Amino acid sequence: MKWQRLLAAGLAVMMMGLAGCGSQQQATSGSSGAGSSSAGKAIVVGLDDNFPPMGFKGEDGQITGFDIDLAKEAAKRLGREVEFKAIDWSSKEAELKSGRVDVLWNGLDITEKRKENMLFSDPYMDNRQIIFVKKGETSIKDEKSLAGKVVGTQSASTSEEYMDGNEFFKKDVKEVKKYSDFVSAFMDLENGRIDAVVGDEIVGRYYMSKHADKIDAVDVAVGPVSTFGIGFAKDNQALRDEVQKVLNDMKADGTMGKISEKWFGKNITK
């Protein structure tokens with residue numbers, strides 16, 4: 001019958017319209033893709049949450065620190081939320097590559113080796129590796145003085161990378177003991193379980209300021225001077241560029257300098 005044919009034709013048109021809408025929605029939902037900044041989503045920051053003063057848990061149990069303040073301000077300017085996720089720092093490249101975190105922002109040294117696996121922001125702070133000793137220790141004056149000693153450092157740190165590639169530390173140092181974080185290494189130094197710690201000057205001096213009667217610094221650089229940067233996945237150029245732009249703005253208007261003064265007493269950013 002004619003009315004049946006008209007009904008069938010109408011239903012066919014309706015189904016085609018629904019299918020078209022579904023395809024359009026699917027295309028829209030999948031449009032973020034690799035390399036997109038996924039605007040509007042929270043930025044997930046991967047960090048070692050025991051790395052004062054860059055990022056660590058305060059007495060109230062909340063994550064705080066210099067890099068935390070920078071990340072919060074950057075996210076605010078981007079109109080996005082920020083989530084801080086504690087990770088195993090030795091697996092940081094895998095966390096970034098898998099997409100479980102969007103950025104690594106926690107006193108991350110820029111190295112040629114790391115550039116193979118991630119994108120970096122411009123450097124925003126210099127960082128030396130120096131030697132820390134127990135208060136009263138006078139026999140350790142430089143790198144060569146570590147011969148025959150037990151030296152601590154953090155796993156997957158720039159210090160570890162330097163010592164692993166240096167014949168002196170392989171042959172002449174008694175042992176290089178590796179810890180999950182620098183705080184644990186400093187605690188062992190205080191308790192006499194190791195003779196020295198080689199690590200980030202910024203982190204070490206902050207710890208030393210809280211334990212001035214127990215820890216001292218040997219003001220000599222070990223290995224090359226490095227710089228801190230923010231790490232992004234290789235395919236996330238868009239987010240890297242967005243964050244870099246707001247960092248440039250924060251430098252220009254003095255916000256980054258004020259955050260540095262809060263944590264270090266002066267502006268030590270680049």
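These are my notebook entries on what I looked up in this predicted model.

**Whole chain**

I started with the overall counts. The chain has ten helices and 14 strands. Of its 270 residues, 46% are buried. I then looked at contacts between residues at least 6 apart in sequence, and 72% of those join residues at least 24 apart.

**α2 against α10**

How do α2 and α10 pack, and at what angle? I have helix α2 at residues 66-78 and helix α10 at residues 255-264, with an angle of about 155° between them and axes 9 Å apart. Angles over 145 degrees count as roughly antiparallel, and therefore I put α2 and α10 down as roughly antiparallel to each other. The crossing of α2 past α10 is right-handed. On the α2 side, Phe66, Asp69, Leu70, Glu73 and Arg77 make the contact. On the α10 side I listed Thr255, Met256, Ile259, Ser260, Lys262, Trp263 and Phe264. Sorted by class, the contact of α2 with α10 holds six nonpolar, two polar and four charged residues.

A reminder to myself about spacing: an α-helix has 3.6 residues a turn, so residues three or four places apart point the same way.

**α2 against α9**

Next I checked α2 with helix α9, residues 237-252. Here the angle is about 110° and the axes are 10 Å apart. The range of 65 to 115 degrees counts as roughly perpendicular, so α2 and α9 go into my notes as roughly perpendicular to each other. Which residues meet in this pair, α2 and α9? From α2 I have Leu70, Glu73, Ala74, Arg77 and Leu78, and they meet Glu242, Val243, Val246, Asp249 and Met250 in α9. The class count for the contact of α2 with α9 is six nonpolar, no polar and four charged residues. Leu70, Glu73 and Arg77 of α2 turn up in both of my lists, the one for α10 and the one for α9.

**α8**

I wanted to know how covered helix α8 is. Helix α8 runs over residues 201-210 and is mostly covered, with seven of its ten residues buried. The buried ones are Glu201, Ile202, Val203, Gly204, Tyr206, Tyr207 and Met208.

Where is the cis peptide bond? I found it joining Pro52 and Pro53, with omega about 0°. Pro53 sits in the loop between β2 (50-51) and β3 (55-57).

I also flagged Ala156, whose phi is near 65°, a positive value in a residue other than glycine. Ala156 belongs to the loop between β10 (150-154) and α5 (158-164). Is Ala156 buried or exposed? Its relative accessibility is 17%, and buried means under 20%, so Ala156 counts as buried.

**Thr111**

Last stop was Thr111, in the loop between β6 (103-109) and α4 (112-115). With 11% relative accessibility, Thr111 counts as buried. What does Thr111 touch, leaving aside its neighbours within four places in sequence? I noted contacts of Thr111 with Phe120, Thr158 and Glu161.

Technical notes:
Residues are numbered from 1 along each chain as its sequence is written. This is a predicted model: local features need pLDDT of at least 70, side-chain atom pairs count only at pLDDT 80 or more; totals for chains, interfaces and linings use all residues. Side-chain values use heavy atoms; hydrogens and water are left out. Helices (H or I, at least four residues) and strands (E, at least two) are DSSP runs, numbered from the N terminus. Buried means under 20% relative accessible area, exposed over 50%, partly exposed in between (1.4 Å probe, protein chains only). Contact means heavy atoms within 4.5 Å. Axes are lines fitted to C-alpha atoms, for helices over the stretch in contact, and angles run from 0 to 180 degrees between N-to-C directions. Angles under 35 degrees count as roughly parallel, over 145 as roughly antiparallel, 65 to 115 as roughly perpendicular and the rest as oblique. A crossing is left-handed if the near helix is turned anticlockwise from the far one by less than a right angle, and right-handed if clockwise. Ala, Val, Leu, Ile, Met, Phe, Trp, Tyr, Cys and Pro count as nonpolar, Asp, Glu, Lys and Arg as charged, and the others, Gly among them, as polar.
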